[in-house]
Amino acid sequence: MNAPAPQGPVLQDIHLPIEPGWWPPAPGWWLLAGVIFAVLVWVGYRWRRWQRRRARAAQGLAEFDRTTQTGLPIARVRAATALLRRAAHEYAPANASLPGERWLDYLKSLRADANLDEEVQTLWRDGQWRPDVAEAPAIRFVAEANALLRSMIQQGGGQ
């Protein structure tokens, strides 16, 4: 006997398409890879810059220690003043060329606990042009300059 003919269209088996390959990736993955690459380049640049700044700071502190440990008191005062101005040029360029009292105010602003007596303040203003300086104020001046230098590096190093 013959089977009755089905009513409607005759359907074929369903065949699934082949799975897409992993290469080439979709455009979204390329975009994500580009963003990750850009972020890695930026982080590398910032890290390298931070390393260079840290190396320059260590070199500046070593130079400060080397030049202010020996010699005449006036030579130590001049070296400390010059090195502090040079550090200000790198870490706070707007304040590097301040004259007299404004330079002293900037230095005082670096450290809240700055303990500058009148003689040390006078050395900050005009000590580098004096022909001679007594030993005791020169020692206090160099110690304060060292603390100010470290404070300046610490505040400016995060840029």
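The lining of the largest pocket is made up of 6 nonpolar, 2 polar and 4 charged residues (Ala, Val, Leu, Ile, Met, Phe, Trp, Tyr, Cys and Pro count as nonpolar, Asp, Glu, Lys and Arg as charged, and the others, Gly among them, as polar). The model is predicted, with local features requiring pLDDT of at least 70 and side-chain atom pairs counting only at pLDDT 80 or more, while totals for chains, interfaces and linings use all residues. Residues are numbered from 1 along each chain as its sequence is written, and side-chain values use heavy atoms, with hydrogens and water left out.

The volume of the largest pocket is about 220 Å³, and its lining consists of R56, A57, Q59, G60, E63, L83, R86, A87, E90, Y91, L149 and I153. On a 1 Å grid over the protein atoms alone, a pocket is an open set of points where a 1.4 Å probe fits, with protein on both sides within 12 Å along at least five of seven lines, and lining residues have an atom within 4 Å of a point. At least two lining residues come from each of α1 (27-68), α2 (73-91) and α5 (135-156), where helices are DSSP runs (H or I, at least four residues) numbered from the N terminus.

The axes of α1 and α2 come within 9 Å and cross at roughly 170°, which makes α1 roughly antiparallel to α2 (an angle over 145 degrees). Axes are lines fitted to C-alpha atoms, for helices over the stretch in contact, and angles run from 0 to 180 degrees between N-to-C directions. The contact (heavy atoms within 4.5 Å) involves R53, R56, A57, E63, F64, T67 and T68 of α1 together with R76, A79, A80, L83, R86, E90 and Y91 of α2; by class, these comprise 6 nonpolar, 2 polar and 6 charged residues.

In the segment before α1 lies P24, and the peptide bond leading from W23 to P24 is cis, with omega near -5°.

Key
Grid points are joined across faces, edges and corners, and a volume is the space filled by probe spheres set on the points. Angles under 35 degrees count as roughly parallel, over 145 as roughly antiparallel, 65 to 115 as roughly perpendicular and the rest as oblique.
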